[in-house]
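Visitor: Could you take me through this model? I would like to start with the overall picture and then ask about particular places.

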Amino acid sequence: MVRDDKVVYLVDGSSYVHRAYHAIRNLSNSKGFPTNAILGFAKMILKLLEDRKPRYLAIVLDAKGPTFRHRIYEGYKATRPPMPEELILQIPYIRAIVKGLNVTLIEKEGYEGDDIIGTLARMAEEEGFEVVIVTGDKDFRQILSPRVTLWDTMKDRVTDYESFVRESGLQPEQVIDLMGLSGDTSDNVPGVRGVGEKTAADLIRQFGTLEGVFEHLPQIQKRKLQENLEKSRAEAVLSKRLVTIDRFTPLEVQLDDLKVREPDAEALTGIFRELEFKGLWDQFSHREETGTGEYRLCLSEQELQDLVQRIREKGSVSVDTETTSEDPLKAGLVGISISLEENRATYLPLAHAYPGAPPQLGIEKALGLLKGVLEDERIAKIGQNIKYDALVFKKHGVDLRGIHFDTMV
């Protein structure tokens with residue numbers, strides 16, 4: 001997508017941290033430190049930066065401690081289990097990666113990330129910007145507008161103002177009325193007993209607002225529904241307050257503060273080296289050394305066939321494997337980096353399963369196409385600790401021949 005200088009991207013960071021944690025399991029470095037949430041989150045942000053090349057971007061997290069909603073209702077989010085210890089350990093690294101990327105990170109004590117995003121979206125709209133909220137949280141439907149869109153990158157689903165109105169028959173501002181009736185079990189927002197989202201939507205379409213529903217209770221034909229509404233009037237009014245995003249959260253930030261800057265390659269190299277994210281470590285250590293370059297993904301069979309042809313024409317190639325372990329005999333193959341000239345490289349993902357990962361060729365298909373050039377002794381192979389890569393390839397049925405130079409030696 002072409003870069004647009006009038007688009008602000010707001011990432012629901014807390015949501016993505018949790019989704020990354022649950023999407024990737026049993027991943028740690030050689031010291032046993034858990035890295036699943038860090039890797040998933042880092043990959044998602046890097047893909048966003050690569051694909052959309054945003055000029056304005058903020059990542060928003062929930063601050064520790066209670067918010068104003070807890071003062072309104074002690075039971076707010078009371079049924080949520082505590083954050084897993086494995087995830088708590090990873091949060092400082094996630095913060096460090098965002099800092100290393102030179103992307104603005106925002107959180108505010110006493111408020112939720114939703115309130116910060118809602119406020120930033122309002123500020124951006126008022127200054128004539130388009131807004132893309134990167135989230136899977138349906139609560140944000142309430143702030144949709146002709147200028148505000150929701151994008152769930154993990155499901156590759158976009159919800160814009162027109163599609164929401166067309167499909168739901170509601171205006172975005174009516175979402176808080178709908179949720180006041182239906183509640184939200186994940187946040188322990190009570191709503192009205194026996195009223196789900198479908199029934200709530202029908203009521204709001206008929207009577208306009210939550211208040212309108214209670215003003216017209218005698219018109220509701222279903223006796224049980226009418227009784228439940230009458231009994232839960234106070235809970236419904238409370239629930240509407242709880243689900244309403246505060247779009248005037250006091251923030252000490254301006255839109256200019258959200259401009260994306262060049263990443264700190266040295267800092268990121270250190271973090272990724274410690275976490276043993278080999279592909280990211282190589283990517284940013286190379287960027288640190290050169291400062292420039294062209295790096296692209298290979299995602300289709302045709303692209304890989306074209307790359308194989310260029311390797312044959314060149315007669316030499318630099319290769320590097322992305323794996324799951326420092327032990328080549330235990331390592332699973334995740335991807336392959338290929339370079340034919342300085343400052344230009346192609347990454348072939350094979351088994352990435354992080355949230356938002358693109359469709360990939362897969363190991364069997366890719367190695368079937370690469371096997372000929374990798375085993376061709378006439379094509380010179382260059383690498384960093386290339387013996388490791390040769391052992392990984394051997395484990396996956398490919399005899400790497402024509403090893404010409406190892407930069408470690």
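Guide: What follows goes from the whole chain to its sheets, a helix pair and a few single residues.

Visitor: What should I know about the model before reading any numbers?

Guide: It is a predicted model, in which local features need pLDDT of at least 70 and side-chain atom pairs count only at pLDDT 80 or more, while totals for chains, interfaces and linings use all residues. Residues are numbered from 1 along each chain as its sequence is written, and side-chain values use heavy atoms, with hydrogens and water left out.

Visitor: How many helices and strands does the protein have?

Guide: The secondary structure comes to 16 helices and 12 strands, where helices (H or I, at least four residues) and strands (E, at least two) are DSSP runs numbered from the N terminus.

Visitor: And what does the C-alpha trace span, and what share of the residues is buried?

Guide: Along its principal axes the C-alpha trace spans about 85 × 40 × 40 Å. Of the 409 residues, 49% count as buried, with buried meaning under 20% relative accessible area, exposed over 50% and partly exposed in between (1.4 Å probe, protein chains only). Among contacts (heavy atoms within 4.5 Å) between residues at least 6 apart in sequence, 67% join residues at least 24 apart.

Visitor: Let's go to the six-strand sheet. What is the strand order?

Guide: The order is S3-S2-S1-S4-S5-S6, in an open sheet with mixed pairing; two strands count as paired if DSSP finds at least two bridges between them. The edge strands are S3 (104-106) and S6, each of which pairs on one side only. Neighbouring strands of this sheet are turned by 25 degrees against each other on average, direction ignored.

Visitor: How do S5 and S6 run, parallel or antiparallel?

Guide: S5 and S6 run antiparallel and are joined by three bridges, and Leu-150 has Thr-159 in S6 as its bridge partner. Helix H2 packs on this sheet, touching S1 (7-12), S2, S4 (130-134) and S5, and its direction makes about 170 degrees with that of S1. Axes here are lines fitted to C-alpha atoms, for helices over the stretch in contact, and angles run from 0 to 180 degrees between N-to-C directions.

Visitor: Staying with S2, is Tyr-56 buried or exposed?

Guide: Tyr-56, which has its place in strand S2 (residues 56-60), is buried, with a relative accessible area of 6%.

Visitor: What is Tyr-56 in contact with?

Guide: Leaving aside neighbours within four places in sequence, Tyr-56 is in contact with a set of residues including Asp-5, Val-7, Tyr-9, Phe-129, Leu-255 and Leu-258. Tyr-56 and Leu-255 are 199 residues apart in sequence, and their C-alpha atoms are 7.7 Å apart in space.

Visitor: Now S11. Which strands does it pair with?

Guide: Strand S11 (residues 380-383) runs parallel to S8 (residues 316-323), with three bridges joining the two, and Ser-318 stands opposite Ile-382 in S11. S11 also pairs with S12 (residues 403-406) in the parallel sense over three bridges, and Lys-381 has Ile-403 as its bridge partner in S12.

Visitor: Changing topic, how do H14 and H15 pack?

Guide: Helix H14 (residues 301-314) and helix H15 (residues 363-374) pack at an angle of about 10 degrees, with their axes 10 Å apart. That angle makes H14 roughly parallel to H15, since angles under 35 degrees count as roughly parallel, over 145 as roughly antiparallel, 65 to 115 as roughly perpendicular and the rest as oblique.

Visitor: Which residues meet there?

Guide: Among them are Leu-304, Val-308 and Ile-311 in H14, and Ala-366, Leu-369 and Val-373 in H15. Val-308 is buried, with a relative accessible area of 10%, and apart from neighbours within four places in sequence it is in contact with Leu-369, Leu-370 and Val-373.
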